[in-house]
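Please look over the sequence and the structure first.

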Amino acid sequence: TALTPTNKIAGGPQFTLTVKGTNFVSGAVVQWNGSNRTTKFVSSTKVTATIPATDIAQAGTFPVTVTNPGSAASNALTFTVKNPKPALTSLSPPSATHGGPAFTLTVNGTNFVPGAVVKWKGKARTTTYVSASKVTAQILASDIAKVGIAVVTVANPTPGGGSSNSLTFTIN
């Protein structure tokens, strides 16, 4: 009937999952995405399972069931592994001269995941995931056609994810 916790951030450490329900018996086994996990019987309404870090390495949704000895699996509850929210630390280059050519912008930070998108003044730009601390984006010549400031953010995909803090890029 319930999971505690109901979600974690991708890349986190091993944790203990509490599963509440009814009619659990000694020897009941929690299954995570169809695979048995080390389980402790607490009572007829509660079992706990050790969920290794490898189970939450990537974002997604995973079914959790409990099977009593000699019985079919219970109904499934969904556990969500969320992408982290990214954080930006620097841009390279940090500025450009207006009217210049298209270029590749390197965005440094933390918690980038595959599928992250660099946004230039709120508009997505072609983005390449390099690592958890670096993504690059193709900035168009039209993006730097006028003097001013461009706000740069990075958005990680769902589940979880979301938009980073912003950094400013100066167009001289």
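Which residue forms a salt bridge with Arg37, and how far apart are the closest N and O atoms?

## Basis of the model

This is a predicted model, in which local features need pLDDT of at least 70 and side-chain atom pairs count only at pLDDT 80 or more, while totals for chains, interfaces and linings use all residues. Residues are numbered from 1 along each chain as its sequence is written, and side-chain values use heavy atoms, with hydrogens and water left out.

## Salt bridges

The partner of Arg37 is Asp55, with the closest N and O atoms 2.6 Å apart. A salt bridge here is a side-chain nitrogen of Lys or Arg within 4 Å of a carboxyl oxygen of Asp or Glu. Arg37 lies in strand E5 (residues 35–37) and Asp55 in the loop between strand E7 (46–51) and strand E8 (60–67), so the pair ties together parts that are 18 residues apart in sequence. Strands (E, at least two residues) and helices (H or I, at least four) are DSSP runs, numbered from the N terminus. Asp55 has 12% relative accessibility and counts as buried, the term for under 20% relative accessible area with a 1.4 Å probe, protein chains only.

The whole structure has two salt bridges. Arg125 and Asp143 also meet in one, at 2.8 Å from N to O. Arg125 is in strand E14 (residues 123–125) and Asp143 in the loop between E16 and E17, 18 residues apart. Both Arg125 and Asp143 are buried.

## Nonpolar cores

The largest nonpolar core holds 20 residues, and Leu105, Trp120, Val152 and Phe169 are among those with the most contacts inside it. Such a core is a set of buried Ala, Val, Leu, Ile, Met, Phe, Trp, Tyr and Cys residues joined through side-chain atoms within 4.5 Å. Strands that each supply at least two residues of this core include E12 (103–110) and E17 (148–156). A second, separate core has 18 residues, including Leu3, Leu17, Val19 and Ala49.

Leaving aside neighbours within four places in sequence, Val152 is in contact (heavy atoms within 4.5 Å) with residues including Leu88, Val107, Val118 and Leu167.

## Overall form

The protein has zero helices and 19 strands. Its radius of gyration is 22 Å, well over the 16 Å that the globule rule gives for 172 residues, so the protein is more spread out than a compact globule. The radius is taken over C-alpha atoms, and the rule is 2.2 Å times the number of residues to the power 0.38. Along the principal axes, the C-alpha atoms fill a box of roughly 70 × 20 × 20 Å. Buried residues make up 38% of the 172 residues.

Definitions and conventions. Buried means under 20% relative accessible area, exposed over 50%, partly exposed in between (1.4 Å probe, protein chains only).
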